[in-house]
Amino acid sequence: MSILDDVLKEEYDRMSRISENIVSEIESLPKGYLSEKKINGHVYHYLQKREDGKVKSRYIKEQDVESYRVLIRRRKELEESLKNLEREKKKVERVVGKDV
């Protein structure tokens, strides 16, 4: 193996470790999106997500809404980062070969 192959292998391993960390963090964050419903003049917030082909809603207390917004935003950012990282890993695989 050449020095370049060694460096690419190390980079691939580093990307794999980062991927694993991102996946575990994504799993710890809430899935879905926040929705607002106005009922009898009051605004209620719900965390909605799809489960078994159906949309499930869970009421979120007013004081928790902003923290859920932050967590959901973080999940979206991590999912995008993971997508980009997987794309980069495939590039390294093509250069080095499947034996990484």
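Modeller: In this predicted model, Lys37 stands opposite Tyr44 in strand 2.

Colleague: What makes strand 1 and strand 2 a pair?

Modeller: Two strands pair if DSSP finds at least two bridges between them. Seven bridges join strand 1 to strand 2 (residues 42–51), and the two run antiparallel, so they meet the definition of a pair.

Colleague: What lies between strand 1 and strand 2 in their hairpin?

Modeller: Two residues separate the strands of the hairpin, and Asn40 in the turn has a positive phi of about 50°.

Colleague: Why are strand 1 and strand 3 said to stand at the edges?

Modeller: The open sheet has three strands in the order 1-2-3, with antiparallel pairing. Strand 1 (33–39) and strand 3 (54–60) each have a single partner strand, so one side of each is left without a neighbour in the sheet. From one strand to the next, the twist averages 40°.

Colleague: Which helix lies across these strands?

Modeller: Helix 2 (residues 65–96) lies across strand 1, strand 2 and strand 3, and runs at about 150° to strand 1.

Colleague: How do you know that the span of helix 1 agrees with its number of residues?

Modeller: At 1.5 Å a residue, the 26 residues of helix 1 (residues 3–28) should span 38 Å. The end C-alpha atoms of helix 1 are 38 Å apart, so the two values agree.

Colleague: Why are some residues of helix 1 called buried?

Modeller: The term applies under 20% relative accessible area. Leu8, Tyr12, Met15, Ser16, Ser19, Ile22 and Ile26 are the buried residues of helix 1, so each falls under that cut-off. Their cover includes helix 2.

Technical notes: Residues numbered from 1 in each chain as written. Predicted model: local features only at pLDDT ≥ 70, side-chain atom pairs only at ≥ 80, totals over all residues. Heavy atoms only, no water. Helix = DSSP H or I, 4+ residues; strand = E, 2+ residues; numbered from the N terminus. Axes fitted to C-alpha atoms, helices over the stretch in contact; angles between N-to-C directions. Contact = heavy atoms within 4.5 Å. Expected span 1.5 Å × (residues − 1). Buried < 20%, exposed > 50% of the residue type's maximum accessible area, 1.4 Å probe, protein only.
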